[in-house]
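Open the model in your viewer and keep the selection tool to hand. The tour goes from stop to stop, each with something to select.

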Amino acid sequence: MPDSGDVQVVKGQNPGDSQVRVYAVAPRENAAPGEIVDGFLEAMTSDDPGFATARKYLTEQAAESWKPEQSITVLTTAPDREPSDRNSDPDDQDRIYPLSGRKIATVDARHAYQPVSPAAYVQSIRVVQQTAADGKSKEWRIDSLPSGLVLGEADFLRNYRSVNKYYFASGEDRVVADPVYIRQRQDPVTRMDPVTQTVKALLEGPTNWLKSAVDSQFPSGTELKAGVTSLTTDDQSTLKVPLNAKANQAGGEACRRMAAQLLFTLGDLTSVRVEQVELLKSTGDPLCRLGKGQAAEFAADHGTVPKENPYFVDAHGKLMKLEVGGEETDEPAEVPGPFGRGTTPLQSVAVDRGETRAAGVGTNGRDLFVSSITTEQDPLPAVLSSKAARPADRLSAPSWDGRGDLWVADRNPAEPHLWMVPDGSGDPVEVRTPWLTDDTRVEALRVSADGVRIALLVTQGERTTLQIGRVERQTTGAEPTVSVVDLQPAAPRMESVTAVSWAGPSRLVVVGKEAGGVQQIRYLQTDGSTSASAVLPGLNGVTSVAAPNGDGAPVVADSGNDGIVRLAPGTNWQPVVKTGGSPVYPG
């Protein structure tokens, strides 16, 4: 405890309990201008239908022009309201109240969360005097204010929750998660419950960042039937979704895919159990029906084995497989083939999602090999090699996408490249990376199961950041063209990031440090927002991490002196093997 120094005000951090409700209170008669501003800021955090009470703090013109649904500005804490100019004349008819804070994100009209590096937020609210309802007295009301909602992070997380919408990867039968934020309870503007909000968000189409790489099967202009604000399942767990006339002419296969998008999207809502979806025409007649089992063929990871197993490279460069389940861990076993025998010693590895092949980078970092891990075979020649002089500047650890394509970065300072090997055996394709400059380097990469998004650890100067890139493919020409474009920060509040792994359709496990902090392991969404179960138990010296797609298997990490360790759900970290590195799950 400090025993000297000045006393300072410390703002407590509200944990944002989703069970807490804020009820807006209307302005009292003859309220002071500062009280009007404080009351309005508090009313913005409520579930008041139509924000009707919040609008009572505004002038008639401001109440009509204010659009709280257009955007949300998220600050680290609730905005600070500064005093108005003390030198102003007390008889003045208006007062300016500065608002300040640390801005960390915005949410746009399509519900997309967009993080930013924490920066100063400075806005103002103007309060003016107007004639009261009795026509005689004066009352203070707000006539100029920031656009949309301005919320502290705790209030934002109390009122909003992340859900995944699903669209099809362009030209493919594989769905892609598109995370957005909806209200936890009834939306104040639309009066829709969370299920209906989620369906509405899906029908509105993908977020701006993802829309160029995915397709929606819903015909353009498809909306919920007018007046629908609540959707509930029947006793067969079937959700009937009435649509407008735009969907009436959808064919059988298109309707199946529309229903699949809905089933995957609603699968993230724990508040409702949907086993099948029935789409209805504007007339109320059935359009089509689809069950969960039928939709599974469109899953991004449908080629993945039912039970994922972690792998690692032992102290001798051999690829080992772990059978990890429950409280016990079987002894690691060598995989068949040259990777398991040690005839092709490895420093890093990636196992394909069917667990039949592996790609490994040799111990000097120069060569990338691919081999079966289910049958014995002789070593094969390298599919790709780096010309960098230093081992640390050569190939990164590889990664497989759900299509069966293999990805790796060549960190050669003279010729930095991102490579994609079609099916792990074709001719390497140089990936177009307009953002990869002479002072930029890709340290590591992990591709999503859907093959549309890629997590990159990018070093620029002394800082390594986590970026999410969009994968765009064109196959119209003689050779396929693959690009990674439009990088978005996924952990802007972290000063440096050491390792990353996919942990589901739109969730990542990230190892890094915040400014002035210690190393931590936490879950983040791909849009950069904090997951509900964010921070994992502490672990020192983590150099790599691997997480499963589902929730049943443990997170596995390389903790340096402690070797390979595991974190099963509801437990703490436990040792698995003393020596080894490069832990991975399929992908």
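Which kind of contact joins the side chains of R357 and D352? Select both residues of this predicted model: their side chains meet in a salt bridge, with 3.7 Å from N to O. D352 counts as buried, because its relative accessibility is 8% and the cut-off for buried is under 20%.

**Other salt bridges**

Next, select D450 and R453. Their side chains also form a salt bridge, at 2.5 Å between N and O. Both D450 and R453 are buried.

Move on to E275 and R273. This pair forms a salt bridge too, and its closest N and O atoms lie 3.2 Å apart. Is R273 buried or exposed? R273 has a relative accessible area of 55%, so it is classed as exposed, the threshold being over 50%.

Then select E172, R174, D401, R403, D405 and R473 together. These six residues are linked in a network of salt bridges. Across the structure there are 31 salt bridges.

**The second largest pocket**

Now turn to the second largest pocket, which holds about 430 Å³ of space. Select A397, A444, R446, T543 and S544: of the 22 residues in the lining, these are the closest to the pocket centre.

Colour the lining by residue class. It divides into ten nonpolar, eight polar and four charged residues.

**Confidence**

For the last stop, colour the protein chain by pLDDT. The chain averages 90, and 92% of the residues score at least 70.

Finish by selecting residues 9-17. Over this stretch the pLDDT is below 50. How many contacts does the stretch have in the model beyond near neighbours in sequence? The model gives residues 9-17 ten such contacts.

Terms used. Residues are numbered from 1 along each chain as its sequence is written. This is a predicted model: local features need pLDDT of at least 70, side-chain atom pairs count only at pLDDT 80 or more; totals for chains, interfaces and linings use all residues. Side-chain values use heavy atoms; hydrogens and water are left out. On a 1 Å grid over the protein atoms alone, a cavity is a set of points where a 1.4 Å probe fits but cannot get out, and a pocket is an open set with protein on both sides within 12 Å along at least five of seven lines; lining residues have an atom within 4 Å of a point. Grid points are joined across faces, edges and corners, and a volume is the space filled by probe spheres set on the points. Ala, Val, Leu, Ile, Met, Phe, Trp, Tyr, Cys and Pro count as nonpolar, Asp, Glu, Lys and Arg as charged, and the others, Gly among them, as polar. A salt bridge is a side-chain nitrogen of Lys or Arg within 4 Å of a carboxyl oxygen of Asp or Glu. Buried means under 20% relative accessible area, exposed over 50%, partly exposed in between (1.4 Å probe, protein chains only). pLDDT is the predictor's confidence in each residue, from 0 to 100. Contact means heavy atoms within 4.5 Å.
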